[in-house]
Amino acid sequence: GGVLAADQTGWYSAFPDTEIVFVDVHKLDASGATEWSREIGVHVNDDAYQANIGPGIWSDAAGNSFLTLSYVGGDSYVFSLDALGTPRWTTRLGGHWLEHLLPDGNGGCYALGRSTWGGADPFCVAHLDGTGQPLYFRTVDYPLQYLIQPKNMQLVGADLVLFIDHQGPASMLKLDPAGTPMTCDLYVLDPPAPVNTPFGIFGGNVMNNGEILLVGRYAGLDTKTATFRLTAAGLPLAGLSFNTQTLNNWRRGFVFYKMATAADEVTVIGERFEEDLLFQQDIHHAFLWHLPSDLSTACGAVPVTFAHQSLPVAQLDVVALADFGSNVATSNAASTAPVPHATIASNDFCVLLSATDIAAEGTDQLFTLSGQVLFAGDAFTVNIKEDVALSILDPAGRSILTLDAAKGRFEGTSTDTWGAGMYLVHARSDRGKSQAMRFLLVR
C-alpha cells in the first residue's frame, strides 16, 4: 500500500575516472507518511555524461527495492536496497542504457535496456541473482530491417516475456530460464499504418487468464491509440482503435500511457486531448479507466484488424556479454524527506459505452448544446435531434436530471442553484446510439 520514490541529488569526482553519484530514496506508507529516507552514494565511471536515475523503482514481496542509474553512452548500474533502505548490492552492466527492471521473486531481478537511442542496435537483457551476480547478460539482435526499442517485460511461470517496439511491427519474445529465445511473434496493423505515421507500442501485459494485451499509438498529427488482444498462444483475438475526431474546429482523441493488469481486468492511465485548431488552444484531461480485459466498455473505440506471423528464433543474433562487475555503494540518512501535500481531486469524467452501444458522432449526433460554457443563472438548453433518454451529472458525478426527452428544443430550469464545475450531459437513443458532452458552469 506504500510507494517508493527516488531522485538524483548530486555528484562529485572522487578519483581520476571515478565519481560518486548521490541518489535519495524514500519509502512512504499508504497514508503518505515517510517510513525511511536514505541517501545512497554509488561509485561510477565518469567517462560518459548525463546520468539518469530510473525511470522507476521496483520492489519484491520481501521489501527489497531495485533501481537503475544509467549514463548516456556509458554504463548502467543496478542497485538493490533491503526493506529498511540499507544497500544490499550494486552491479555495473557495461555499455547499455537500462530502462526496465523486474524482480525475480528470489531477491534478484531482470534488467532490460539498449545501447543507443536510435534503436538500430541490439537490446540487452540480464538476470541478476540475489547477490547481484549475473546469471546471464546478453544482447539480442533482430534481422536488419527492424528498429529495436524494448518496452517492458513480464514473468510468465519461469519464462521471461519481452515486448519490443519496431515502429511499425511489434514483437513478443519469450526467453527460457537460461535466457535462450524460445518463440518470437510479430504483429502489425492490417492494413499497415502510413510510413509517415508509424504505429509503435508502449508495451504489453499477460493477464491471469493467459490472454495478452499490446497497447500503442500512431505517430504524427493524427495521434490515436490502438490495442491488440491475443490468445495465450499469441494468436490475434481482437483489436480496438481510439481514433482522433475533428468536428467544428476541434480535434479530439484518447492516448494511453500506462496499462496494468490484475486478474482479468485492465487499468489504463491516459489522456483525452482537445485541440482548438482555429485558436490554437489545447485542453488535456488525464483519466484512469478500470475496464474488463476485452476493453468492451472503453470510450470511443472502433474495431481494428492486425496481422500476425512467427519469426524463427534462428534469425535472432544472441551474444553473451562479459562487461560487468560489482560496485561500491554507501548509505546515509537523507537530509530531506518528502512533505505531504493536500490531495488534488478532479471533477472531469466521461461516460463509458456498453458493449452494445455505438458512439453518436458528426452528422449522427443525438444532441447539441447551446454552449459549452455557462454562467450561473443561464438557462440550460439542449437541441435534441431524436428521442433520447437524457441525463446530467454534476461535478461530483451525481445525477441531477434524468428524463425521456423528445426531439426538439429542451430548455431546462435555471442554473442558479448549480455549483461551479464541469458537468456532463449523456443521451442514449432507442437505436443504441450514445453521446456524451461536457460543459463548464462558472459562478
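Reader: Is Leu-440 buried, partly exposed or exposed?

Author: Read the label from the relative accessible area: buried is under 20%, exposed is over 50%, and partly exposed is in between (1.4 Å probe, protein chains only). Leu-440 counts as partly exposed because its relative accessibility is 33%. Its place is in strand β38, which covers residues 433-442. The model is predicted, so local features need pLDDT of at least 70 and side-chain atom pairs 80 or more, while totals for chains, interfaces and linings use all residues. Residues are numbered from 1 along each chain as its sequence is written, and side-chain values use heavy atoms, without hydrogens or water.

Reader: How many helices and strands are in the chain?

Author: Both are DSSP runs numbered from the N terminus: helices are H or I with at least four residues, strands are E with at least two. This chain has 38 strands and zero helices. The chain has 443 residues, and 48% of them count as buried.

Reader: What share of the contacts in the chain with a separation of 6 or more comes from residues 24 or more positions apart?

Author: A contact means heavy atoms within 4.5 Å. Among contacts in the chain with a separation of 6 or more, 51% are between residues 24 or more positions apart.

Reader: Take one residue as a case. Where is Thr-415, and is Thr-415 buried or exposed?

Author: Thr-415 sits in the loop that runs from β36 (408-414) to β37 (421-429). Thr-415 counts as buried because its relative accessibility is 0%.

Reader: Which residues is Thr-415 in contact with, leaving aside its neighbours within four places in sequence?

Author: With those neighbours left out, Thr-415 touches Phe-375, Ala-376, Gly-377, Asp-378 and Phe-380, and also Leu-441 and Arg-443.

Reader: Now the sheets. What is the strand order in the open sheet of five strands?

Author: Two strands pair if DSSP finds at least two bridges between them. In this sheet the order is β9-β10-β11-β12-β27, and the pairing is antiparallel. β9 (97-103) and β27 (317-320) are the edge strands, each pairing on one side only.

Reader: How many bridges join strand β11 to strand β12?

Author: Six bridges join β11 (residues 123-128) to β12 (residues 134-141), and the two strands run antiparallel. For a reference point in the pairing, Ala-126 stands opposite Phe-137 in β12.

Reader: Backbone geometry next. Which peptide bond is cis, with omega near 5°?

Author: That is the bond from Asp-190 to Pro-191. Pro-191 belongs to the loop between β16 (181-189) and β17 (199-206).

Reader: What is the phi of Gln-167?

Author: Phi is near 50° there, a positive value in a residue other than glycine. Gln-167 is located in the loop between β14 (159-165) and β15 (170-175). With a relative accessible area of 31%, Gln-167 is partly exposed.

Reader: How many salt bridges does the structure hold?

Author: Side chains of opposite charge can pair when their charged atoms come close. The criterion is a side-chain nitrogen of Lys or Arg within 4 Å of a carboxyl oxygen of Asp or Glu. The structure holds six salt bridges. One of them joins Glu-35 to Lys-27, with the closest N and O atoms 3.6 Å apart. Glu-35 is partly exposed at a relative accessible area of 47%, and Lys-27 is partly exposed at 21%.

Reader: What is the N to O distance between Arg-92 and Asp-75?

Author: Their side chains meet in a salt bridge at 3.5 Å, N to O. Arg-92 is in strand β8 (residues 87-93) and Asp-75 is in the loop between β6 (65-72) and β7 (76-81), so this pair ties together parts 17 residues apart in sequence. Arg-92 is buried, with a relative accessible area of 18%, and Asp-75 is buried, with 16%. Asp-75 and Arg-92 are also linked with Asp-323 in a network of salt bridges.

Reader: Which residue forms a salt bridge with Arg-431?

Author: Glu-386 does, and the closest N and O atoms are 2.7 Å apart. Arg-431 is in the loop between β37 and β38, and Glu-386 in the loop between β33 (379-384) and β34 (388-393), so the pair ties together parts 45 residues apart in sequence. Arg-431 is partly exposed, its relative accessible area being 46%.
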